[in-house]
Amino acid sequence: MGLGVTLSNALSGMNVAQSGLEVLSRNVSNAGTAGYNRESLNVVSDLNGAASSARVAGVQRAFDESVQQHYTAGVADSGYADTIASFLDRLQTYLGTPGSAGSLDTVFGNFDTALQTMATSPDDPTARANTLASAHTLASTLNALSGDVQGLRQETENQIGNAVSSLNQAFGSLATVNQKLATEAGDTASKAALMDQRDRLVTQISQVLDVKATYKTNGTVSLMTRSGVGLIDGTTSPVFRFDSGGAMSPNTLLGGATGQSVGTLTLTTPSGFDMDMVGQDIVQSGQLGALLKLRDDTLVQAQGQLDAVAGALAKSLSTVTTQGSAASSGAASGFQVDLSAVQPGDSFTVQYSDGGVARSVKVVRVDDTTKLPMDFVAGDGQRVIGVNFSAGAASVAAALQTALGPGLAVSSPSGGVLQVLDDGAAGTTDVTALLTATTATGSQSGALALPLFVDAGGTPYTGSLDGATQQRGFAARITVNPQIAANDKLLVQYQAGGSLGDQARASFLADALRQSGFEMTSATAADLGGSTMSGSPQSMIAQVLNFQANAASQAKSQKDTQQVVLDAVSQRLDASYGVNVDEEMARLMELQNAYAAGARVISVVQELINKLMQI
């Protein structure tokens with residue numbers, strides 16, 4: 001081998017070592033940089049006759065597409081679980097720990113105790129004042145909790161807007177990176193840096209939106225949602241648009257069924273198609289998916305639960321139950337009731353036996369025809385139907401006759417009177433009871449029931465299902481009847497001039513609060529996300545607290561699980577192409593030795609050439 005070949009080999013080795021040192025320097029300096037992939041030299045040998053030398057064929061970037069795809073999915077799912085857990089934890093904090101000071105069940109318990117005390121000493125002004133004060137506190141607590149829920153929904157609305165801005169910026173940057181990767185030629189080191197930036201952008205996007213990534217041979221990436229909607233495949237980025245719905249209230253719902261709509265989220269694909277991302281269920285995970293779930297489902301359900309509690313509280317004290325009077329026609333017997341006091345949301349109940357089987361049908365006044373037909377069996381086995389009362393008792397009788405069938409005779413013998421008779425001599429059916437459950441509208445009408453809790457403007461709460469339903473948002477509006485707030489003697493005097501020592505009304509209220517039972521109708525259950533609540537107001541409060549505590553616990557567990565999964569994938573990523581400083585330092589020694597050896601060869605060649613020149 002000639003001196004020229006030896007010199008060439010030494011120089012090529014030194015050049016490779018120099019390039020290796022540059023790569024090593026980048027690796028070490030970026031050892032703690034998120035999204036940086038370890039680089040290595042791609043060294044090849046060139047053969048030229050008997051001579052051989054090494055040269056750098058480019059920089060190779062460590063990358064495992066399978067692990068990267070798992071990591072992208074894990075980031076989206078972790079972002080979803082973390083966002084859900086964070087909001088539900090705050091909601092549980094607002095509701096309070098059961099039994100703690102200020103929690104909903106404690107505030108209710110104070111009101112219940114005050115009623116019991118007043119029932120034993122109705123003439124004690126302190127007892128009446130304490131009852132009124134605890135009623136105010138209970139109503140204010142429900143108002144505040146409703147405000148907290150809507151405040152959380154407002155946060156989700158605001159964060160959705162921020163997320164959309166972040167997505168548009170990230171996709172714009174990714175399109176630019178894709179363009180550079182597609183046109184980059186020759187400089188593999190620059191291309192490796194671009195691919196690092198590409199992966200960081202994909203991770204940033206996946207935190208917000210669930211995406212699937214496909215990596216091309218030229219280094220570019222295409223993204224689509226898990227639902228299959230293409231987002232980017234080249235240099236044209238999608239456009240996300242969010243039009244805020246403004247201030248949140250219980251009536252601000254998805255789709256604007258109540259006339260108030262939440263913000264809309266639209267995607268314009270690279271091909272120019274506009275898509276409703278919520279209505280078409282495009283978003284399934286990521287922070288954006290969690291925010292939409294919270295805004296349109298989870299927190300709406302929480303508001304519905306509070307509204308159900310508020311409605312049960314108001315109805316328990318204001319419901320007047322009136323037994324029907326006996327009626328007959330020939331051999332047929334039964335009962336009749338006056339429906340004139342039945343308001344929308346009020347009801348009457350028919351109890352009868354058919355072939356020895358006891359049956360109960362609750363008929364709710366629903367004049368809004370868009371809510372009809374309504375016919376279902378409640379959790380306690382009672383059949384509940386909705387009937388339009390606006391055309392009078394005769395129309396109600398016809399509708400009920402159709403619902404009950406020929407075994408009973410339903411009619412309206414006069415005015416607003418409804419009559420239900422059995423089948424007479426046939427003896428197959430027997431009407432055992434017919435009673436109305438109406439809402440007291442006055443405080444001294446002679447009825448023991450009292451509209452202590454009312455709707456905005458002092459309107460009695462009947463739980464009307466007409467329109468947007470009175471129950472929706474009632475927790476935000478519930479207040480103490482202003483007439484009673486101005487005169488606490490009305491807590492006792494159910495007739496003008498009645499004795500303050502009369503325990504009748506106070507005892508009725510105390511018993512009604514504990515003994516009244518409620519079952520959600522199908523219309524109001526929709527506000528609870530499909531869940532139902534039943535029982536006394538106290539029982540329903542316990543159900544709310546237990547439900548939300550379990551939901552928060554499950555969300556935290558899911559968050560922890562997703563974090564474990566993400567940590568495991570992250571460890572695989574780090575093992576696959578993370579920078580190990582110890583290994584890099586060992587490599588540094590090798591490169592230094594190789595460079596020194598090359599330099600020594602050149603030095604020796606230089607000495608030999610000098611000797612030859614001296615001959």
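Trainee: Helices (H or I, at least four residues) and strands (E, at least two) are DSSP runs, numbered from the N terminus; with that settled, where does D281 lie?

Mentor: Keep in mind that this is a predicted model. D281 lies in the loop between strand 10 (274-276) and helix 6, and its phi is positive, about 50°, although the residue is not a glycine.

Trainee: Which residue other than glycine has a phi near 70°?

Mentor: That is T469, whose phi is also a positive value; T469 sits in the loop between strand 21 and helix 8 (474-477) and is buried, with a relative accessible area of 9%. As background, most residues other than glycine have a negative phi, and most peptide bonds are trans.

Trainee: Speaking of peptide bonds, what about the one from L372 to P373?

Mentor: The bond from L372 to P373 is cis, with omega near 0°, and P373 belongs to the loop that runs between strand 15 (357-365) and strand 16 (375-377).

Trainee: Switching to packing, how do helix 2 and helix 6 cross?

Mentor: The axes of helix 2 and helix 6 (residues 286-318) come within 8 Å and cross at roughly 25°, so helix 2 counts as roughly parallel to helix 6. The crossing of helix 2 past helix 6 is right-handed.

Trainee: Which residues of helix 2 and helix 6 meet?

Mentor: On the helix 2 side they are A76, G79, Y80, T83, I84, F87, L88, L91 and L95, and on the helix 6 side G286, Q287, G289, A290, L291, K293, L294, T298, L299, A302 and L306.

Trainee: And helix 4, at what angle does helix 2 pack with that one?

Mentor: Helix 2 and helix 4 (residues 125-183) pack at an angle of about 165° with their axes 10 Å apart, which means that helix 2 is roughly antiparallel to helix 4. Helix 2 passes helix 4 in a right-handed crossing. The contact is made by F87, R90, L91, Y94 and L95 of helix 2 together with L145, D148, V149, L152, E155, T156 and Q159 of helix 4.

Trainee: Where does R90 lie relative to F87?

Mentor: R90 lies over the face of F87, at 5.6 Å from the ring centre.

Trainee: While we're on helix 2, is T72 buried or exposed?

Mentor: T72, which is found in helix 2 (residues 65-95), is buried, with a relative accessible area of 2%. Leaving aside residues up to four places away in sequence, T72 touches V202, S206, V211 and Y215.

Trainee: Back to rings, then: how many aromatic pairs does the structure hold?

Mentor: The structure holds 4 aromatic pairs. One of them is formed by F111 and F453, with ring centres 5.6 Å apart and planes at 70°, so the pair is edge-to-face. F111 lies in helix 3 (residues 104-120) and F453 in strand 21 (residues 453-454), so this pair ties together parts that are 342 residues apart in sequence. Both F111 and F453 are buried.

Trainee: What kind of aromatic pair do F348 and F389 form?

Mentor: The pair of F348 and F389 is tilted, at 6.2 Å centre to centre and 55° between the planes; it falls in that class because edge-to-face needs planes over 60 degrees apart and stacked needs under 30.

Trainee: And which parts of the chain does the pair of F348 and F389 link?

Mentor: F348 is in strand 14 (residues 347-354) and F389 in the loop between strand 17 (383-387) and helix 7 (393-404), and the two are 41 residues apart. F348 counts as buried at 0% relative accessibility, and F389 counts as buried at 7%.

Technical notes
Residues numbered from 1 in each chain as written. Predicted model: local features only at pLDDT ≥ 70, side-chain atom pairs only at ≥ 80, totals over all residues. Heavy atoms only, no water. Phe/Tyr/Trp six-rings, centres within 6.5 Å; stacked < 30°, edge-to-face > 60°. Buried < 20%, exposed > 50% of the residue type's maximum accessible area, 1.4 Å probe, protein only. Lys NZ or Arg CZ within 6 Å of the ring centre and 35° of its normal. Contact = heavy atoms within 4.5 Å. Axes fitted to C-alpha atoms, helices over the stretch in contact; angles between N-to-C directions. Parallel < 35°, antiparallel > 145°, perpendicular 65-115°, else oblique. Left-handed = near helix turned anticlockwise from the far one by under 90°.
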